[in-house]
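Please keep the sequence and the three-dimensional view at hand while reading.

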Amino acid sequence: MKQENLLEVKQLRTEFFSSKTSSVTAVNEISFSIGKGEILGLVGESGCGKSTTGRALVKIYEPTAGKVIFEG
């Protein structure tokens with residue numbers, strides 16, 4: 001039996017632009033999926049993009065590229 005995904009993230013990228021020619025990439029093409037009943041822990045060093053990923057998932061930050069699919 002195939003498990004249904006609750007959340008699917010595909011090639012998520014978030015950049016912040018400080019000028020027309022300068023940008024900082026906070027999240028660079030991250031992909032993962034979470035099935036119903038599963039729990040995901042996101043760990044990493046300070047400044048690696050954990051909070052930015054979470055904020056992009058709930059649309060506080062608009063992702064530069066990629067897809068966030070919730071419940072299909």
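The text below treats the sheet, the helix, the nonpolar core and a few individual residues in turn.

The model is a predicted one. Its three strands form an open sheet in the order β2-β1-β3, with antiparallel pairing. Because β2 (23-35) and β3 (65-70) each have a single partner strand, they stand at the edges, and one side of each is left without a neighbour in the sheet. From one strand to the next, the twist averages 15 degrees. In general, the strands of a sheet pair through backbone hydrogen bonds, in either a parallel or an antiparallel sense.

Strand β1 covers residues 5-17. With β2, strand β1 pairs in the antiparallel sense over nine bridges, and the two strands form a hairpin with five residues between them. The pairing of β1 with β3 is also antiparallel and runs over five bridges.

| Residue | Opposite residue | Strand of the opposite residue |
|---|---|---|
| Leu7 | Ile34 | β2 |
| Glu8 | Ile69 | β3 |
| Val9 | Val68 | β3 |

Helix α1 (residues 50-57) packs on the sheet and touches β1, β2 and β3. The direction of helix α1 makes about 115 degrees with that of β1.

**The nonpolar core**

Which residues make up the largest nonpolar core? This core has six residues, namely Leu7, Val9, Leu12, Phe32, Ile34 and Ala56. The elements that give two or more residues to the core are β1 and β2, and β1 gives the most, with three residues. In soluble globular proteins, nonpolar side chains tend to be buried together.

Phe32, one of the core residues, touches Leu7, Glu8, Val9, Leu40, Thr53 and Leu57 when residues up to four places away in sequence are not counted. Leu7 and Val9, both touched by Phe32, are themselves members of the core.

Is Glu15 buried or exposed? Glu15, in strand β1, has a relative accessibility of 18% and therefore counts as buried, the cut-off being under 20%. The side chains of Glu15 and Ser23 are joined by a polar contact of 3.5 Å. Apart from neighbours within four places in sequence, Glu15 is in contact with Ser23, Val24, Thr25 and Thr64.

Thr52 is placed in helix α1. Its relative accessibility is 12%, so Thr52 also counts as buried. Leaving aside neighbours within four places in sequence, Thr52 is in contact with Thr14, Phe16, Ala26, Val27 and Tyr61.

**The aromatic pair**

The structure holds one aromatic pair, and Phe16 and Tyr61 form it in an edge-to-face arrangement, at 5.2 Å centre to centre and with 85 degrees between the planes. Why does this pair tie together parts that are apart in sequence? Phe16 lies in strand β1 and Tyr61 in the loop between α1 and β3, so the pair ties together parts that are 45 residues apart in sequence. Phe16 is partly exposed, with a relative accessible area of 36%. Tyr61 is likewise partly exposed, with a relative accessible area of 26%.

Conventions
Residues are numbered from 1 along each chain as its sequence is written. This is a predicted model: local features need pLDDT of at least 70, side-chain atom pairs count only at pLDDT 80 or more; totals for chains, interfaces and linings use all residues. Side-chain values use heavy atoms; hydrogens and water are left out. Helices (H or I, at least four residues) and strands (E, at least two) are DSSP runs, numbered from the N terminus. Buried means under 20% relative accessible area, exposed over 50%, partly exposed in between (1.4 Å probe, protein chains only). A polar contact is a pair of N or O atoms within 3.5 Å; within protein, one must be able to donate a hydrogen and the other to accept it, and residues adjacent in sequence count only if both atoms are side-chain atoms. Contact means heavy atoms within 4.5 Å. Two strands pair if DSSP finds at least two bridges between them. Axes are lines fitted to C-alpha atoms, for helices over the stretch in contact, and angles run from 0 to 180 degrees between N-to-C directions. A nonpolar core is a set of buried Ala, Val, Leu, Ile, Met, Phe, Trp, Tyr and Cys residues joined through side-chain atoms within 4.5 Å. Rings of Phe, Tyr and Trp (its six-membered ring) pair if their centres lie within 6.5 Å; planes under 30 degrees apart count as stacked, over 60 as edge-to-face and the rest as tilted.
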